[in-house]
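User: I'm new to reading protein structures, and I'd like a close look at one helix in this one. Could you walk me through how it sits among its neighbours?

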Amino acid sequence: MQKQVNIIFFGAPGAGKGTQAKKISHELKLPHIDTGSLIREAIANKTELGTKAQQFVESGKLVPDQLVIDLIREKLIVLKDKNFNGFILDGFPRTILQANALKSLLEELKLDLAYVLNIQSPENILVKRLSSRRLCSNKSCGAIFNLVTRKPKEENKCDVCGSPLYQRKDDTEEAAKERLNEYHNKTAPLEKYYRDQNKLIDIDGAKEPEEVYNKIIKILS
Ligand SMILES: [Zn+2]
């Protein structure tokens, strides 16, 4: 059996980690576990966890640890049953507590963490990117656009499927700044946590997406 490669994509909201994780997932055929999507799916399906998560998402706050952990746990167990070759985790962990919970979970499932890719960008770039973001309203499409870096060909219309685009409530400039503050308070200690374990690899996310992508592929191969 092929060796498993389990990777965490790490970086502030707007650092481009979601876009990169999606591309890398496709290229290396590794399942992409995006906690943002997991949460939105649960909210859309009005599951018990989803209903709990909704109030936090709408006020631009991070969803509490235990909720996210429960969602991730389910997902990893399903994937593990399919004899997979690894995963890309995107948007988790965000706190030391989550990192410890993940560590226990991986130990229990006999999975090793290979790398934590830390995509870094200056705050002003992050706020600009976040408040320019538009998402496809078609849940099964999920295309992401950016009025600065990835403009849709037609205004307010998805290039892929033609559905209308929308701005998430936590992507306005004010909400973006709040998210970044919360990120720095809660997530920054994780950099040290993974650096101390020799898992952390820094990547300059201010560069062009193509350049960032090539850098990541080089690291993983
Ligand atoms: Zn679409």
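Analyst: Happy to! Let's start at the end of the helix. Just after α1, Lys29 takes a positive phi of about 55°. Keep in mind that this is a predicted model, and that the values here are computed from it.

Now step back into the helix itself. Helix α1 covers residues 17-28, which makes twelve residues.

Which residues of α1 are buried? They are Lys17, Gly18, Gln20, Ala21, Ile24 and Ser25. These residues cover an arc of only 160° around the axis, so they lie on the same side of α1. A residue is called buried when 20 or more other C-beta atoms lie within 10 Å of its own.

What covers those buried residues? The cover includes the strands β1, β2, β3, β4 (115-120) and β6 (144-146), together with helix α8 (209-220).

Strand β3 (residues 86-90) is mostly covered, with four of its five residues buried. Strand β1 (residues 5-11) runs parallel to β3, and five bridges join the two.

Asn124 is found in helix α6 (residues 123-131). With 8 other C-beta atoms within 10 Å, Asn124 is exposed, because the limit for that label is 12 or fewer. Its C-alpha atom is separated by 29 Å from that of Cys141, 17 residues apart along the chain.

The protein chain has eight helices and eight strands, and buried residues make up 29% of its 221 residues. Among contacts with a separation of 6 or more, 70% are between residues 24 or more positions apart. The C-alpha atoms fill a box of roughly 45 × 40 × 35 Å, taken along the principal axes. A compact globule with 221 residues would have a radius of gyration near 17 Å, and the protein chain has 17 Å, so the two agree.

Terms used:
Residues are numbered from 1 along each chain as its sequence is written. This is a predicted model: local features need pLDDT of at least 70, side-chain atom pairs count only at pLDDT 80 or more; totals for chains, interfaces and linings use all residues. The radius of gyration is taken over C-alpha atoms; the globule rule is 2.2 Å times the number of residues to the power 0.38. Two residues are in contact if their C-beta atoms, placed from the backbone, lie within 7 Å. Two strands pair if DSSP finds at least two bridges between them. The expected span of a helix is 1.5 Å times one less than its number of residues. The arc is that of the directions from the helix axis to the C-beta atoms.
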